[in-house]
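Good morning, and thank you for joining. I would ask you to bring up the sequence and the model, so that we can go through them together.

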Amino acid sequence: MDNGSARPSLTILLADPRGFCAGVDRAILIVERALEQFGRPVYVRHEIVHNRFVVENLEKKGAIFVEELDEVPQGVPVVFSAHGVPKTVPAEAERRSLLYLDATCPLVSKVHAEAEHHFAAGRKILLIGHSGHPEVVGTMGQLPASAIVLIEDVQHAEMVELDADGDMAFITQTTLSVDDTAAIVDVLRRRFPDIVGPRREDICYATTNRQMAVKAVAVGADAILVVGAPNSSNSMRLVEVARSAGCPRAQLIQRARDIDWGFFDGVGRLGLTAGAAAPVVLVQEVIEASRLRFDVTIEEITVMREDVHFKLPRALNA
Ligand code: SF4
């Protein structure tokens, strides 16, 4: 009887935690509840979270994704994505009397509140983040244009010219590399010793934990696959962290169908993780596809148990 023993063996080191975070869970639930409560269609400004599979599933249920508010017709509800929006967006929704639901992750809203607090205290604000990412656009859009200076990397932190006598503060995007951000903060603290910042960076618990888990996996893996989208900051950082933690063969894939099986040549121990916007079913898909070619053993590497949940907006009768 063929018991599969002819297939080469493969140990999959499954990073834990991986995949959905509390902010992504909440954002998706907001769209689903809005569809139940208000009926089809519900408009969503920007991808609710950066994952095509999630977006396509919600489209099947009746969500319509647009990039700007002027694409939303009168009389239908609109949801703002988990990444947050500039203040002009809810202001415009109110001007048009649109019913809107804000799915901004509460941990992003916390950064917005920090920015407002520093601004009210008269501080110049440095935001550590990636230009053009919707979260950065949303955070910068909480304040007048000149209030926040974006710092993208260590070189920029070294070069930025600011009045060293003025009060200063830093805040960060929530989905950055913990190590890269620490290096940037070190430069800022050296150059501007009185700069005020959060006790730790604003990098969220989910980003931090997934990076810790992929580092633990990288130690024993010949190669690592990260399930996630190329526009997901969180997922891209996992690939970089895996590489810098000692596993240069780290690659991002969106679905099992994207796997180039040549990548598995010489791999006996494969690390597997997923960004915070990637559903668990996509990780399972990779495991099932691997089982067709290998005799697979799963080892879960747990670095942290997560138990974070966020409430839904009151308008959804949660
Ligand atoms: S990655 Fe972090 S900040 Fe982004 S939605 Fe998840 S919990 Fe919120």
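Which helices each supply at least two residues of the lining of the largest cavity? They are helix H1 (22-38), H4, H8 and H9. Before I go further, some conventions. This is a predicted model, in which local features need pLDDT of at least 70 and side-chain atom pairs count only at pLDDT 80 or more, while totals for chains, interfaces and linings use all residues. Residues are numbered from 1 along each chain as its sequence is written, and side-chain values use heavy atoms, with hydrogens and water left out. Helices (H or I, at least four residues) and strands (E, at least two) are DSSP runs, numbered from the N terminus.

Let me stay with the cavity. Rolling a probe the size of a water molecule over the atoms shows where empty space is left. Here the work is done on a 1 Å grid over the protein atoms alone: a cavity is a set of points where a 1.4 Å probe fits but cannot get out, a pocket is an open set with protein on both sides within 12 Å along at least five of seven lines, and lining residues have an atom within 4 Å of a point. Grid points are joined across faces, edges and corners, and a volume is the space filled by probe spheres set on the points.

A search of the whole structure finds one cavity of 30 Å³ or more. The largest cavity has a volume of about 310 Å³. Its lining consists of 24 residues, and Cys21, Val24, His83, Thr175 and Ala276 lie nearest the centre. H8 provides the largest share of that lining, three residues. By type, the lining of the largest cavity divides into 13 nonpolar, ten polar and one charged; Ala, Val, Leu, Ile, Met, Phe, Trp, Tyr, Cys and Pro count as nonpolar, Asp, Glu, Lys and Arg as charged, and the others, Gly among them, as polar.

I turn to the pockets. The largest pocket has a volume of about 220 Å³. Of the 13 residues that line it, Lys110, Arg200, Glu201, Asp202 and Ile203 lie nearest its centre. Helix H4 (106-120) and helix H8 (205-218) each supply at least two residues of this lining, and H4 gives the most, with four residues. The lining of the largest pocket comprises six nonpolar, one polar and six charged residues.

The second largest pocket has a volume of about 160 Å³. Among the residues lining it are Asp16, Pro17, Arg18, Gly19 and Phe20, together with Ala274, Glu300 and Glu306. Its lining divides into seven nonpolar, one polar and four charged residues.

Next, the sheets. Two strands pair if DSSP finds at least two bridges between them. Five strands form an open sheet with parallel pairing, in the order S10-S9-S11-S1-S12. Its edge strands are S10 (250-253) and S12 (295-302), each pairing on one side only. The twist averages 25 degrees from one strand to the next; axes are lines fitted to C-alpha atoms, for helices over the stretch in contact, and angles run from 0 to 180 degrees between N-to-C directions. Strand S9 (residues 223-227) runs parallel to S10 and is joined to S10 by four bridges, with Leu225 opposite Gln251 in S10.

Two helices accompany this sheet. Helix H9 (residues 233-244) lies across S9, S10 and strand S11 (269-274), at about 165 degrees to S10. Helix H10 (residues 280-291) packs on the sheet, touching strand S1 (9-16), S9, S10, S11 and S12, and its direction makes about 170 degrees with that of S1.

Thr273 counts as buried because its relative accessibility is 0%; the term means under 20% relative accessible area, with exposed over 50% and partly exposed in between (1.4 Å probe, protein chains only). Leaving aside residues up to four places away in sequence, Thr273 touches Ala15, Pro17, Arg18, Val214, Leu225, Val226, Val227 and Leu238, where contact means heavy atoms within 4.5 Å.

The other open sheet has four strands in the order S3-S2-S4-S5, with parallel pairing. Strand S3 (63-66) and strand S5 (100-102) stand at its edges with a single partner strand each, so one side of each is left without a neighbour in the sheet.

Finally, strand S8 (residues 168-172) is mostly covered, with five of its five residues buried. Met168, Phe170 and Thr172 point one way from S8, and Ala169 and Ile171 the other way. Strand S6 (residues 124-128) runs parallel to S8, with five bridges between them, and Leu127 has Ile171 as its bridge partner in S8.
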